[in-house]
Amino acid sequence: MIEVEALTKRYGSTLAVDDLSFTVRPGLVTGFLGPNGAGKSTTMRMVVGLDHPTSGTATINGRPYAASPAPLREVGALIDAKDVHGGRSARNHLRAVARSNGLPDSRVDTVLGLTGLDAVAGRRIKGFSLGMGQRLGIATALLGDPGVVMFDEPVNGLDPEGILWIRNLLRGLAAEGRTVLVSSHLMSEMAQTADHLIVIGRGRLLADLSMTDFLEQNGRTHVQVKSPRQDDLAPLLRAAGGTVEPDHDVLAVHGLTCEQVGDIAAAHGLALHQLFEQRASLEAAFMDMTRDSVEYGSGSLPPPPDSALPPPPDSPDRPGATEVAP
Amino acid sequence: MTLPASPTANAASPFALDGPVHHPTTLDVVRSEWLKLRTVRSTFWTLAVTVVVMVGFSVLVCAAQVATWDQLTAEEQQANPINGVSSALAGLSLAQLAVVVLGVMVISSEYSTGGIRSTFTAVPRRARVVVGKAVVLGLSTLVVGLVASFVAFFVGQLILATKHFDVALGDPDVLRAVLGSGLYLAACSLFGLGIGLIVRNTGGGVTISVAALFVLPPLTALIPGTVGDQIQKFITSNAGQSVAATGSAPDRLGPWVGYLVFTVWWLVLIGVGTWLVRRRDV
């Protein structure tokens, strides 16, 4: 269980995390969502004590992480896969981490096998691809068989196979009763993995709800219909109980199925040129939610509806701080 | 203070960790730091340079003294008698720079690579990391420093023996000076660690350390008056190297007093460094 209470972090004049409170419960995958620069990484760093909060608290199983008697048995964290000494081999890196917590060397082989790194374990980390580095970070996090797992953008740099692997891993960890917090700036990724969502923007909590609720509120489908006799069709659909909004040369119909719309048109001899079901994009819903809080907005152009915009330009998650290059 | 049982204790997790929960201690951190120290190349190189410089300078200086002795006039010989200990340990003031670089890099390389975040995530009690690093660094450089000092001493005496200028370990102060040379090298690495903890950056740390041990001490001799004399005696390497010298000199502290003063130097640096490391975000 991770509990964040009125957590605030200020870098000079920038408020990176602003009075943030939430609880991450065991047995679920909790998605930690927000645009780049929203404060996700800063929050996670404060949870494991790398950064000190300006005010507020972050606790794990009821106490600050630094007070844990057996840190790696309690929490496994992947904050940034590049946070390793590249001159060491993967195996030696894992051994050093394991020894610091008195974990047996056999654990190193276990997590190397689990993450599929056995074959490259003797190679220096410097030569690792982004995906291999990501796997090494996950291997490090799982060394202590922790009850709380926290991954910051774990799918970055992974190929589709790797993404699927992480998704299954996260689901499995939660199914075993662990607390799983995983951050992402991509809603589409979260929609397939998370049971619960915590959405932040500009360091503030925007939403804390179950994925089911989120989908119910934002994932509704509607029917798009195109007809040369739009003006005749619209009142008929309204009479049948639908809400109709003209959208350019098509009608957006809520409350009726494709079949119902088609039958009504046929019954009145109205030709249809297009009839299909449109699912609202979760990405668009997420962007609507965070639009006002995007740290690095892309000018004044509103994003077109129902299209997945690329995320805002990549930017460090911690404004005002320079990222250390390896 | 008990941890909740591992959530996988009963589930068929592919990587469940069985057995009682071990509460890690500083000794575990020492073991980890020992593995880290010997699995990076810079450790090997800086320690190799330490040995090569110590032995190499002993050979160079002793051979040159033996070769030129007969060309000196009797007055010159009287004014500059050959000191078998200082000739054989002539490499000390350069070798100190190699170990100080190692001391700085033990911590600065973790900051430059980001590895420090892995370290502090695994060991959130940061003072333990500093203790672990200091223990393995100090012991490693002590062993290598002692080996380098004794080899340099014996090789030097072999050369000096050709003109019968050699001294024996049993002669007054000689054993203490050779041991002191190894002790001083170990202390230098801890001096570097202290600077590294404060500045966190290899370039800056090495520059400051070299200035503090190599550049500044000779300059303090230029400060006039008794205040200047005291500063000159107490400054870093002037104090520390007195333990590796034989005979007495008016401009030098006693061997163990000097070593104690240098110990205070690195203890203060590591203390300030630890305080900063615990306060700062990483």
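Predicted model: local features only at pLDDT ≥ 70, side-chain atom pairs only at ≥ 80, totals over all residues.
Residues are numbered from 1 along each chain as its sequence is written, and chains are lettered from A in the order in which they are written. Local features need pLDDT of at least 70, side-chain atom pairs count only at pLDDT 80 or more, and totals for chains, interfaces and linings use all residues, while side-chain values use heavy atoms, with hydrogens and water left out.

**The chains**

Chain A contains 11 helices and 13 strands. Helices (H or I, at least four residues) and strands (E, at least two) are DSSP runs, numbered from the N terminus. Chain B has 12 helices and 0 strands, and its pattern along the sequence is α-α-α-α-α-α-α-α-α-α-α-α. Along the principal axes, the C-alpha atoms of chain B fill a box of roughly 90 × 40 × 30 Å.

The table gives burial and surface for each chain. Buried means under 20% relative accessible area, exposed over 50%, and partly exposed in between (1.4 Å probe, protein chains only). Accessible areas come from the Shrake-Rupley method with a 1.4 Å probe; for residues, only the protein chains shown count as cover.

| Chain | Residues | Buried residues | Accessible surface | Carbon and sulfur share of surface |
|---|---|---|---|---|
| Chain A | 326 residues | 54% | about 13600 Å² | 52% |
| Chain B | 282 residues | 50% | about 12700 Å² | 69% |

Contact means heavy atoms within 4.5 Å. In chain A, 69% of the contacts with a separation of 6 or more are between residues 24 or more positions apart. For chain B, 76% of the contacts between residues at least 6 apart in sequence join residues at least 24 apart.

**The interface**

At the interface, 56 residues of chain A are in contact with 47 residues of chain B. The two chains bury about 4200 Å² between them, 57% of it on carbon and sulfur atoms; buried area is the accessible area (1.4 Å probe) that two parts lose on being put together, summed over both.

Across this interface there are 2 salt bridges, a salt bridge being a side-chain nitrogen of Lys or Arg within 4 Å of a carboxyl oxygen of Asp or Glu. One of them pairs Arg117(B) with Asp83(A), with the closest N and O atoms 2.8 Å apart. The interface also has 20 residue pairs in polar contact (both at pLDDT 80 or more). A polar contact is a pair of N or O atoms within 3.5 Å; within protein, one must be able to donate a hydrogen and the other to accept it, and residues adjacent in sequence count only if both atoms are side-chain atoms.

On the side of chain A that touches chain B, strand S1 (2-11), helix H2 (71-74), helix H3 (90-100) and helix H4 (106-114) each supply at least two residues. H3(A) gives the most, with 7 residues.

**Two buried residues**

Ser184(A) lies in strand S7 (residues 179-184) of chain A and is buried, with a relative accessible area of 3%. Its side chain reaches the backbone nitrogen of Leu186(A) at 2.9 Å. Beyond neighbours within four places in sequence, the contacts of Ser184(A) include Phe32(A), Lys40(A), Glu153(A) and Met190(A).

Ala245(B) sits in the loop between helix H11 (236-240) and helix H12 (255-279) of chain B, and at 17% relative accessibility Ala245(B) counts as buried. The C-alpha atoms of Ala245(B) and Val174(B) are separated by 8.3 Å, although these residues are 71 residues apart along the chain. Leaving aside neighbours within four places in sequence, Ala245(B) is in contact with Arg176(B), Ala177(B) and Arg252(B).
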